[in-house]
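User: I would like to go through the aromatic pairs in this chain. Could you take me through them?

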Amino acid sequence: MNTQEPLIQTVSRPAAGITATVNEVAAGSYLLLEAPSPLRTLSSAPWGGGFGYHRTIINRKVDKTYACGDPVTEMNGFLEAAGLNSEETACLLTSVHMSGLGQSHLRMDDPASAKVRADDEAARSFFDTSDSKLDVSSQADREAQSFFETFDGRPDTRGNGKASLSAAADRDSANPVNGIGAAEPATAAATAAATAAATAAATAAATAAATAAATAAATAADTGIAVSAWVTVGYSNMARAGRGLPVSALFPGTINIIVAVEGELTDEAMVNAVITATEAKAAALQDLGVALEDGSGATGTTTDAVLIASTQRGRLHRYAGTATYLGHMIGRSVYEAAMQSGMAYKKALALS
């Protein structure tokens, strides 16, 4: 899937309509990312951490000696001094100067799978809005139901109108003793006509819903995919996951990763994006030749952080692994930004 490289273009404009600036204040420099509307975020940092919605994201430089007993309160004071709303802002800390910031912006306007994805979404919408639950009495129907449950990622909850399909049988078995009584011929005919009309109306409504869903899905598909990454790399406290470290190595340094996506990501896709971004970071460190004293490659530092942000509009993404277009773009953008920042840090070390 990710071999169709010509579809993906490097662009100068950040994804999600974000404006990016680097500000210098008395307390230090910081990268300021501002979105026109709140973004769904998943962050490993304590300031706006976990899942949430934020319109502003900052990556703030602090001194290597930074130590605070109550970092959340301290950060809120910094945001207030900077004129930023702490409720709308997610934050990361780094000891890397913003002059070493790396960034990469990618866009793919015409994914090859767009038409198929639109058709799949239309089919799913049709079955979701149908008045009649699938009859799963046959093996083929059971397989069909299993497919849609898997595709949709949740139990089948399509419709609750199956009782209407057995209305005639219920009427025929009516028992005069319990007060229901058999229908008169004229009444039966009227009931049959009403049932036919209702069925036709339901079919028309379902068809209209399917058409609308197909149009909406096609429109979403046409928006393509846009991904941006901002990375700051410092590895004076490099580490290898799973390898023990002396106490002397446990100090701030940090590789910070911010990824923005134009699209709708499920919770699991956002977690998947964290995995992909982390793999890309480790790959960049490997290619930069960052290694521990024993020669084994570093996978990060002791204080790394990652933040994923999405617009929650446009194409729906249930996965963000390296086999998907989205995952490929996240990996590539993070790798490119990490390499830029890592090279700048390497140069700074050589000059110090």
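Predicted model: local features only at pLDDT ≥ 70, side-chain atom pairs only at ≥ 80, totals over all residues.

User: How many helices and strands does the chain have?

Analyst: The secondary structure comprises eight helices and 13 strands. The chain has 352 residues, and 42% of them are buried.

User: Now the rings. How many aromatic pairs are there?

Analyst: The count is two aromatic pairs. One of them joins Tyr 30 and Phe 78, with ring centres 5.6 Å apart and planes at 85°. An angle over 60 degrees counts as edge-to-face, so the Tyr 30 and Phe 78 pair is edge-to-face.

User: Where do Tyr 30 and Phe 78 sit in the chain?

Analyst: Tyr 30 belongs to strand β3 (residues 28-43) and Phe 78 to helix α1 (residues 71-81).

User: Is each one buried or exposed?

Analyst: Tyr 30 has a relative accessibility of 4% and counts as buried. Phe 78 is buried as well, its relative accessible area being 7%.

User: Which residue lies over the face of Phe 78?

Analyst: That is Arg 60, at 4.0 Å from the ring centre.

User: What about the pair of Tyr 235 and Tyr 345; what is its geometry?

Analyst: Tyr 235 and Tyr 345 are edge-to-face, with 4.7 Å centre to centre and 65° between the planes. This pair also links distant parts of the chain, its members being 110 residues apart. Tyr 235 is in the loop between β7 (225-233) and β8 (238-239), whereas Tyr 345 is in helix α8 (residues 325-351).

User: Buried or exposed, for these two?

Analyst: The cut-off for buried is under 20% relative accessible area. Tyr 235, at 7% relative accessibility, therefore counts as buried, and Tyr 345 does so at 14%.

User: Changing topic: where is Thr 266, and what does it touch?

Analyst: Thr 266 is in the loop between β10 (264-265) and α7 (267-288). Leaving aside residues up to four places away in sequence, Thr 266 touches Leu 316, His 317 and Arg 318. Thr 266 counts as buried because its relative accessibility is 16%.

User: Lastly, what is the accessible surface of the chain?

Analyst: It comes to about 17500 Å², and 58% of that belongs to carbon and sulfur atoms.

Note on methods: Residues numbered from 1 in each chain as written. Heavy atoms only, no water. Phe/Tyr/Trp six-rings, centres within 6.5 Å; stacked < 30°, edge-to-face > 60°. Helix = DSSP H or I, 4+ residues; strand = E, 2+ residues; numbered from the N terminus. Buried < 20%, exposed > 50% of the residue type's maximum accessible area, 1.4 Å probe, protein only. Lys NZ or Arg CZ within 6 Å of the ring centre and 35° of its normal. Contact = heavy atoms within 4.5 Å. Areas by Shrake-Rupley, 256 points an atom, 1.4 Å probe, with all protein chains shown as cover.
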